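Reader: I would like to go through the labels used for this model and hear what each one rests on.

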Amino acid sequence: MTALKSPNLEPPRSFLLDVDPETSVARITLNRPERLNALTFEVYDELRNTFRALDTEPEVRAIVITGAGRGFCTGGDVEDIIGALFERDFEGLLEVTRMTCDLIAAIRQCRQPVVGALNGTVAGAGAVIATACDVRIAAESARIAYLFTRVGLSGADMGAAWLLPRIVGLGRATELLLSGAFIDAAEAHRIGLYNRVVPDGEALAAATDFAEKLARGPSFALQVTKDALNSEAHMGLEDALEAEARAQAACMLNPNFREAYDAFVEKRKPRFD
């Protein structure tokens, strides 16, 4: 991994950003291990801006997000964020909550696949960031909780009430968001919240391997698929069928479709753009 040099992307100060030039996989590492990677205003802002920039970065074809140390992310830092919120009026608080929601929008709108490598505790805003990823690969120690109601806040925070029911169903999402209770990795995997659970110490390697496989795939087709998963949640069946018909026709005009056919005929692996 090397630092990504791009005129469109400012190097972050509050976390690590690296890219493997051979695989085109970017890795974001939340880097406050002494605080279990709790988020500050700066981290929120830089993460939001980084995902927006990566969306148009030609050198990047897939993204992995993980945490340094023994935790993925435990949400907003009690000292750096929570205490400061009491000094703000409604408009000031709305500025903060919109910024946190903008981060989730940036992850979901980023055209590259985003894989969460959940290496330990996943809580609060960290749980929603993980939920916003396209795929979640977790360590056995990666228990998860949407803690908001336990501190007097709405469980519907940062898009959790939109994202979570679409992954685990309304009933389980309601239980998780109302109770704020932790569930362990085995239960998160059982209900479909985690795609895969691996032994401690192996989450990053497993997530990176999966991201590399996606990065070798047809980037346009993956982008179209991710966009459909986002947009069709609002559609009726007829509109969804029409949207998919148009998207598939566009993919058939993309050079990757012809490359897949040529590779099959020539009995070789395809070389996708």
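Reader: What makes D55 and R111 a salt bridge?

Author: The model is a predicted one. In it, the closest N and O atoms of D55 and R111 are 3.0 Å apart. A salt bridge requires a side-chain nitrogen of Lys or Arg within 4 Å of a carboxyl oxygen of Asp or Glu, so the pair qualifies.

Reader: Which parts of the chain does the pair D55 and R111 tie together?

Author: D55 lies in the loop between α1 and β4 (62-67), and R111 in the loop between α3 and β6 (114-118), so the bridge ties together parts that are 56 residues apart in sequence.

Reader: Why is R111 called partly exposed?

Author: Its relative accessibility is 37%. Buried means under 20% and exposed means over 50%, so R111 falls in between.

Reader: How many salt bridges does the rule give?

Author: The count comes to 19. One of them joins the side chains of R32 and D77, at 3.0 Å from N to O. R32 lies in the loop between β3 (25-30) and α1 (41-54), D77 in the loop between β5 (71-73) and α2, so this pair ties together parts that are 45 residues apart in sequence.

Reader: Are R32 and D77 buried or exposed, and how do you know?

Author: R32 has a relative accessible area of 16%, and D77 has 1%. The cut-off for buried is under 20%, so both residues are buried.

Reader: What makes R48 and D102 a salt bridge?

Author: The closest N and O atoms of R48 and D102 are 3.4 Å apart, and the limit is 4 Å. R48 lies in helix α1 and D102 in helix α3 (residues 90-109), so the pair ties together parts that are 54 residues apart in sequence. R48 is buried, at 13% relative accessible area, whereas D102 is partly exposed, at 28%.

Reader: Why are the buried residues of α11 said to be on the same side?

Author: The buried residues of helix α11 (residues 255-265) are N256, E259 and A263. They cover an arc of only 55° around the axis, which puts them on the same side of α11. R258 and F264 are exposed on the other side. The buried residues pack against α9 (219-231).

Reader: What caps the N-terminal end of α11?

Author: N254 does, with a side-chain oxygen 3.0 Å from the backbone nitrogen of N256. Just after α11, K267 takes a positive phi of about 55°.

Reader: Why is T121 called buried?

Author: The relative accessible area of T121 is 18%, and buried means under 20%, so the label applies. T121 is found in strand β7 (residues 121-123). Leaving out residues up to four places away in sequence, its contacts include R70, F72, S141 and F182.

Reader: Which residues form a nonpolar patch on the surface?

Author: V78, I82 and F86 form it, with about 340 Å² of accessible area together.

Reader: How do you know that I82 is partly exposed?

Author: I82, found in helix α2 (residues 78-85), has 33% relative accessibility.

Key: Residues are numbered from 1 along each chain as its sequence is written. This is a predicted model: local features need pLDDT of at least 70, side-chain atom pairs count only at pLDDT 80 or more; totals for chains, interfaces and linings use all residues. Side-chain values use heavy atoms; hydrogens and water are left out. Patches are made of residues with over 30% relative accessible area and no salt bridge: like charges are joined within 9 Å, nonpolar side chains (Val, Leu, Ile, Met, Phe, Trp, Tyr) within 5 Å. Accessible areas come from the Shrake-Rupley method with a 1.4 Å probe; for residues, only the protein chains shown count as cover. Helices (H or I, at least four residues) and strands (E, at least two) are DSSP runs, numbered from the N terminus. Buried means under 20% relative accessible area, exposed over 50%, partly exposed in between (1.4 Å probe, protein chains only). The arc is that of the directions from the helix axis to the C-beta atoms. Contact means heavy atoms within 4.5 Å. A polar contact is a pair of N or O atoms within 3.5 Å; within protein, one must be able to donate a hydrogen and the other to accept it, and residues adjacent in sequence count only if both atoms are side-chain atoms.
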